[in-house]
Amino acid sequence: MLQFLHQNQIINEARLPADLTVLDYLRESQSLCGTKEGCASGDCGACTVVIGELVQDAEGNETIRYRSANSCITFVGALHGKQLITVDELTQKTNPPSDTVTGLHPSQRVIVEHHASQCGFCTPGFVMSLFAAMKTAKDVPVSREYINEQLGGNLCRCTGYRPIIDAAEKLLNCGDIVDQFDHNAGDTIQALRGIADNSVETGSGFFRPVSLDQLYLLKQQHPDAAVLGGGTDLALRVTQQLDSLESVIMLDGVAALSFVTQTSDEIRIGAGTSLTGFRDALVHYCPELDPLLARFAGTQVRNQATVGGNFANASPVGDLPPVFIALNASLVLASARGERTVKVHEFFVSYKETLLQPDEIIREFMIPLAAFDVSLLPSGDNGIRIVNRFYKVSKRIDDDISAVCAAFHLQLSGNTVVAASTGFGGMAAIPKRAQALEATLAGRVLDEQCLLDAVVALTRDFQPIDDVRATAEYRSKVSANLLHRLAAEIYTPDVATTVESHGH
Amino acid sequence: MGTSEHESAVKHVCGAAPYVDDTVDATYRHIAIGGSEIAHGQITRIDLSDVVASDGVVDVITSDDIPGHVDIGPVFKGDPLLTSTEIEFYGQAIFAVLADTRVQARKAIRKARIEYSKSVPVLELKEAIAKKLYVRPPHRMQRGDAIGALNDATNSPGIHTLSGEMRVGGQEHFYLEGQVATATPDEDNGVHVVSSNQNPTEAQKLVAEVLGLSMKDVLLETRRLGGGFGGKETQANACCCFAALFALRNQCKTVCRLSRRDDMIITGKRHEFINEYEVAFSDDGAINAVKYQLAGNCGSSPDLSDAIVDRAMFHCDNAYYYPNALIDGLRCKTHTVSNTAFRGFGGPQGMIASETVMDEIAFALQMDPLDVRKRNFYSDEGTDITPYYQVVTDFTVPRMVDSLEKSSGYRSRRDAIREYNRANHILKKGIALTPVKFGISFTATHLNQAGALLHLYTDGTVHLNHGGTEMGQGLFTKVAQVVSTELGVPLASIKISSTRTDKVPNTSATAASSGSDLNGMAALLAARKIKSRLTEFLLAEHNCTAQEIEFGAEGVRIANEEALSWQELATAAWVARISLSATGFYKTPDIYYDRENARGRPFLYYANGAAVSEVLIDTLTGELKLLRTDVIHDVGSSINEAIDIGQVEGGFIQGVGWLTTEELKWNTEGRLLTDGPATYKIPAIGDAPAEFNVELLADCPNPAPTVIRSKAVGEPPLMLAFSVWCAIRDAIAATGDYKVFPKLNAPATAEEILRCVDEVKAS
């Protein structure tokens with residue numbers, strides 16, 4: 001039995017298809033049409049809803065964490081044990097009911113006050129992203145960058161965004177707002193607690209295990225079942241290719257897959273960790289990674305998508321694999337048969353093919369702490385300086401897929417590169433190390449000659465292709481030019497090197 | 001007149017404003033359209049047996065099943081609803097399916113087995129130009145002797161010439177609500193179609209023709225569109241026809257809603273253009289002669305392309321006087337989806353040629369491009385005539401440009417940018433200030449008409465209907481404000497209902513920025529009729545003069561007498577058997593155009609604006625950031641400043657998208673590759689300028705007799721985005737120390753910027 005909280009009711013659904021999206025459930029099964037379909041591919045945000053989840057805060061108290069999601073690429077199974085909030089629920093129903101203006105939620109009212117809707121079709125999605133931003137914003141005043149990040153997954157074709165930005169600034173800077181969801185928090189927590197966090201099997205091909213053992217067993221029994229992490233890629237098979245998913249094993253219930261912890265020499269990251277969770281945790285270790293993660297899809301996708309999913313789908317243009325490759329990370333593949341650890345750069349075999357066997361799942365990743373902390377290098381400190389750089393080049397800054405993604409981990413002694421490891425996305429059929437480049441850089445100062453040699457080395461590493469995002473020529477040129485950016489950042493750190501970092 | 005919020009704003013934020021698909025429930029059946037998988041050739045065999053047998057399929061049709069007209073071309077033939085033989089573009093509709101559910105219909109489509117005899121498609125505009133493949137004959141506009149002047153220029157001291165070519169890409173509308181229509185059978189074999197549509201009357205006519213019905217049998221209704229931008233002027237009609245056809249064949253409710261992918265593949269877009277130019281100019285930058293060839297890629301059929309390429313020709317002067325001009329417009333045919341209306345309607349594609357020329361002259365003379373622009377502005381008698389012989393009057397561009405130059409600190413910032421660029425080798429900044437002059441009126445004169453219907457009820461409230469459609473631009477709000485002001489009733493007492501062909505007939509598309517000019521005036525005239533009847537009634541009942549009667553929000557005041565509320569007044573007039581319902585009809589005065597001789601006054605007036613933008617580019621990757629934009633725009637006396645500013649900002653950003661990140665790509669087979677938002681990138685929130693200052697030109701009522709002396713605002717601001725495109729060129733030029741003219745095309749994607757940077761560096 002699938003159970004979730006919606007409009008203050010516990011909803012029990014026994015036989016929903018495994019591949020039913022939340023959007024279709026709302027619009028077609030429930031006739032709740034406030035949530036709009038703009039693209040059905042998670043790229044426009046018109047269908048944004050907010051999912052509330054029981055978590056423990058820093059003091060260990062139970063609290064509800066609200067995060068936005070694209071309902072068009074979220075399967076209903078993902079709602080189990082959670083609270084679903086849609087735009088239809090934001091307005092406080094007043095008596096008499098005609099007086100809607102006074103019943104508007106603050107995230108709705110700011111849009112009206114700032115003339116931030118025109119055709120109105122994207123508006124419910126913006127309202128929900130604003131609502132989520134309001135629930136998660138920490139620092140006041142919020143920056144324009146924060147607003148861009150929170151709303152970067154919502155497209156508006158009418159307004160040019162200025163009034164929406166103004167509305168967001170107003171909403172997010174007006175201090176603590178207590179709304180009906182805060183008032184009801186006690187009841188909501190109670191209700192969510194009441195939903196047993198047990199394994200779910202709907203009888204319509206949907207499995208939600210809650211332990212690793214259950215998961216391994218299910219995967220062994222149903223090797224063809226689709227493994228559902230955040231589903232932000234998998235759901236496209238349903239909404240775009242019109243495939244039916246006969247059976248789905250959802251990872252969301254397996255708490256043992258969702259963690260970020262530190263051991264003496266590694267950061268361990270559970271494969272089920274959301275990109276948002278990963279980002280929140282990694283910023284402490286590697287702030288250089290944050291700008292890339294801020295531009296990784298949109299907020300709604302980052303909230304849903306998992307670290308493991310970015311590897312399991314084996315896309316040549318995922319942004320995490322190059323990073324993990326450059327940082328010399330490993331991953332654990334596990335099944336009922338046992339587990340094995342492989343280097344991330346060995347995981348990808350050929351286009352869309354990995355080492356993952358049908359009965360296996362990706363359980364976790366390990367990034368050596370030495371990737372960030374010189375004192376942990378096997379060689380010891382020795383005056384070594386670590387430089388990590390992660391570059392994403394795409395047609396649009398927000399919510400776009402990389403034409404080229406380049407990750408560099410360099411160890412420098414003075415101005416000399418002692419060791420280099422790299423990872424590239426968009427340059428080959430798989431995310432890949434640039435071994436010739438690494439060999440060329442090692443032991444050298446990144447001077448003119450070295451960079452010339454490096455560019456030649458890159459042509460040995462990669463023969464990129466033309467596709468919809470970029471030509472092969474552009475990819476070659478940019479990957480080479482990024483070495484110049486890298487050198488500039490190492491040797492002239494005060495010079496702004498990216499349009500994003502530029503302050504004016 | 002104020003800043004009232006959009007009439008649906010509260011409903012928008014609550015998700016309570018119904019769009020067409022929101023009304024679809026389980027009683028509707030769903031349509032999907034099966035398209036060609038080649039770009040050009042002949043169908044040799046259609047086997048739909050598996051489609052018919054597919055789960056949930058109720059009905060399948062091909063061209064043979066269309067009872068009436070097959071062609072739904074809006075002006076000229078060439079757009080079969082379903083094709084039976086010839087394939088002209090990838091995705092062209094061949095058959096359609098009705099099924100119980102949306103997914104069943106879409107899955108069934110994939111089971112068709114269609115065989116073709118393939119021909120080699122012409123996909124590139126260049127090839128179509130070279131082969132003289134046209135959907136309509138070329139058209140020429142000329143004034144003076146451009147050829148003579150260009151020939152003489154080579155021997156004249158102090159006169160220079162230059163020539164060049166630039167390409168500007170097309171643009172996908174990407175309205176957030178995709179194409180959709182529903183149909184419900186009506187009695188007497190009629191049909192009620194609800195559509196997200198900018199042109200209900202045309203859809204009504206085409207549905208009638210396709211079904212072999214009369215227009216009286218077809219009711220078209222549009223309450224609101226989730227974005228139109230020109231993409232639902234003709235492109236919404238096919239969904240209406242399919243929905244109606246299946247509804248009547250099967251006597252059931254139907255919905256035809258395209259998936260985003262289908263929408264992007266099978267509906268038309270903004271025309272790509274290749275513009276060639278030759279210019280003669282003097283030492284001070286003054287243009288003596290221009291010769292333009294503007295070649296639009298119309299795709300496979302004429303659609304609206306004749307008027308679109310004409311509008312490109314009408315706007316390749318922008319704000320500049322050409323003593324001698326020769327302008328050729330080509331309507332090129334390729335085997336791609338037929339291109340259509342898109343905000344600006346060809347105007348932007350023509351205008352970008354003039355802005356390219358201004359920049360290139362500036363480079364040739366090492367002048368500030370702004371000075372070249374100013375040197376060429378339309379001015380006094382003798383330098384106020386367009387290439388189509390309309391006299392430019394009340395030209396607010398110079399005034400706005402001067403004001404903007406000062407308020408934005410253009411000159412000092414330009415110096416500071418040069419300084420910055422000398423010190424920075426990776427990042428470069430650029431700045432540009434560009435004007436816009438855009439002609440307002442449909443250039444097909446007969447379309448400049450509109451109707452409205454107004455009822456005053458006995459409780460003093462008003463029902464208003466007009467032929468315009470609400471697509472987010474705030475038309476309903478503005479027209480209600482006009483009526484409120486004219487009649488005196490408070491805005492809250494006025495309800496505008498959905499646009500319906502049975503209320504106001506024979507309307508024009510809501511297009512050409514004309515919505516509030518035309519419909520606002522029609523509604524104003526209707527309100528005036530009611531008001532005059534009420535005045536006559538009051539004069540007869542009360543012993544007073546017309547001057548002593550004052551209408552207001554509370555009702556009517558008559559000197560020395562008790563005021564009457566609107567309810568009391570309306571009721572009293574009703575008892576006295578006064579008609580409280582009126583129609584208003586408006587046709588734009590004083591416009592005419594002789595196309596054969598390319599002379600006349602096609603536009604009632606010009607809408608103007610100016611913008612200055614500063615950009616930052618990364619010369620290693622071509623990445624771009626828009627740092628600051630300042631705009632002054634002339635909307636005459638604004639009916640609603642908040643709505644007008646919204647149009648200015650939204651149009652500007654849509655133009656920025658067209659000129660930067662929005663790139664359409666096809667493969668060599670003619671299949672569109674950028675068929676979703678994952679690959680086709682419209683501006684996101686981070687693409688809005690870091691600093692954005694928008695101002696409406698103050699105290700400048702429209703000298704033309706428009707409603708409230710306002711000016712149209714829908715399209716013109718899109719072209720303010722040339723300030724960004726020209727600023728990018730300025731930034732690129734820094735990599736060649738401003739010696740080399742960067743031959744930048746549009747869209748200036750990161751890839752195009754980098755290509756251009758490398759080209760400048762190499763020369």
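Modeller: Here is the predicted model. In chain A, 55% of the 504 residues are buried.

Colleague: What makes a residue in chain A count as buried?

Modeller: The count of neighbours. A residue is buried if 20 or more other C-beta atoms lie within 10 Å of its own. In chain A, 55% of the residues reach that mark.

Colleague: What share of the contacts in chain A joins residues 24 or more positions apart?

Modeller: That share is 67%, taken over contacts with a separation of 6 or more. The secondary structure of chain A comprises 19 helices and 19 strands.

Colleague: Which strands form the open sheet of 4 strands in chain A?

Modeller: The order is S6-S7-S9-S8 (chain A), and the pairing is mixed.

Colleague: What makes S6 (200–201) and S8 (226–228) of chain A edge strands?

Modeller: Each pairs on one side only.

Colleague: How do you know that S8(A) and S9(A) pair?

Modeller: Count the bridges. Pairing needs at least two. S8(A) and S9(A), residues 248–250, have 3 bridges, so they count as paired, in the parallel sense. One example is A:Leu228, whose bridge partner in S9(A) is A:Met250.

Colleague: Turn to chain B. Why is strand S6 of chain B said to lie largely in the open?

Modeller: S6(B), residues 113–118, has 6 residues, and the number buried is 0, so the strand lies largely in the open.

Colleague: What makes S2(B) a partner of S6(B)?

Modeller: Again, the cut-off is at least two bridges. S2(B), residues 41–47, is joined to S6(B) by 6 bridges, so the two count as paired. They run antiparallel. B:Gly41 stands opposite B:Lys118 in S6(B).

Colleague: How many residues of each chain meet where A and B touch?

Modeller: 68 residues of chain B are in contact with 72 residues of chain A. Contact here is judged by C-beta atoms within 7 Å.

Colleague: Which element gives the largest share of chain B's side?

Modeller: H17(B), with 7 residues. By class, that side of chain B has 33 nonpolar, 19 polar and 16 charged residues.

How values were computed
Residues are numbered from 1 along each chain as its sequence is written. Chains are lettered from A and ligands numbered from 1 in the order in which they are written. This is a predicted model: local features need pLDDT of at least 70, side-chain atom pairs count only at pLDDT 80 or more; totals for chains, interfaces and linings use all residues. Two residues are in contact if their C-beta atoms, placed from the backbone, lie within 7 Å. Ala, Val, Leu, Ile, Met, Phe, Trp, Tyr, Cys and Pro count as nonpolar, Asp, Glu, Lys and Arg as charged, and the others, Gly among them, as polar. A residue is buried if 20 or more other C-beta atoms lie within 10 Å of its own, exposed if 12 or fewer, and partly exposed in between; C-beta atoms are placed from the backbone.
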